[in-house]
Amino acid sequence: MNAAKEESAPLIELRGVTKTYGVGSAAMQALRGVDLRIRRGEFVAVMGASGSGKSTCMNILGCLDTPTSGLYRFEGVEVGKLTRNQRALLRRNYLGFVFQSFNLLNRTSALENVELPLIYRHTGSQRHARAMQALKQVGLNGWEHHTPGELSGGQQQRVAIARAIVTQPVVLLADEPTGNLDSARSIEIMQLLVSLNINQGITIIMVTHEPDMAAYAKRVVHFKDGLIENDHSPKEIKPCSQ
């Protein structure tokens, strides 16, 4: 019975989450009571117009912001009861982040960029081997000594993804990961994310404005005016080229 309960419990749970910025007449309610459950191994695309609340929700899920009210549980732990240092440890040990703008160090090699999170975790002698393995996983074997300026946009995003997965996160949070890429490179990145989700079991939560990119996810959550407007599976799941 305990095993069954554990299996049915969500990895991530939001209950009645609100977020208000400002006070009094200047107050702006970004989230107005969001309920969301995400199970381990899901690939969820989050969509919505600017100001809909999707980015605020992602910041809360990534422990980059805290709710004004409501409950956030991660693997059964109430995140709101954690100290600031404990939330930082949760981010470091369980979450990986990928951004639209790559956020790579320009004068640093791909390998050194990927090694950076491991330095903060004091990984030591394993750092080099783990970073090399992460670059191999994203198809950049042989490119480890190139700087971002020597790489294409798609390759730079692959480095950013390698940096995000080198710590072996439970959840990968991707904010518009194809926003700065052309169509061909966008498809490559989406196929890579699908592969990481299927083959490594990484739970992926991705913000996107593009329906074609959201179609790669197993589930699409639409935000509108600070609430979830609908939550469904796309009609067609894009194939992952191997």
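Hi everyone, let's start with two helices: α6 (residues 153-165) and α7 pack at an angle of about 20°, and their axes lie 10 Å apart. Helices here are DSSP runs of H or I with at least four residues, strands are runs of E with at least two, and both are numbered from the N terminus. Axes are lines fitted to C-alpha atoms, for helices over the stretch in contact, with angles from 0 to 180 degrees between N-to-C directions. So α6 and α7 are roughly parallel to each other, a label for angles under 35 degrees.

A word on the source: this is a predicted model, where local features need pLDDT of at least 70 and side-chain atom pairs count only at pLDDT 80 or more. Residues are numbered from 1 along each chain as its sequence is written.

Which residues of α6 meet α7? They are G154, Q157, R158, I161 and I165, and their partners in α7 are R185, E188, I189, L192, L193 and L196, with contact meaning heavy atoms within 4.5 Å.

Now to the sheet. It is open, with 6 strands in the order β6-β7-β8-β3-β9-β10 and mixed pairing; two strands pair if DSSP finds at least two bridges between them. At the edges are β6 (95-99) and β10 (227-232), each pairing on one side only. Neighbouring strands are turned by 20° against each other on average, direction ignored.

Inside that order, β7 (residues 171-175) and β8 (residues 203-207) run parallel, joined by 5 bridges. L172 stands opposite I204 in β8.

And back to α7 (residues 183-200): this helix lies across β3, β7 and β8, running at about 150° to β8.

Terms used:
Side-chain values use heavy atoms; hydrogens and water are left out. Angles under 35 degrees count as roughly parallel, over 145 as roughly antiparallel, 65 to 115 as roughly perpendicular and the rest as oblique.
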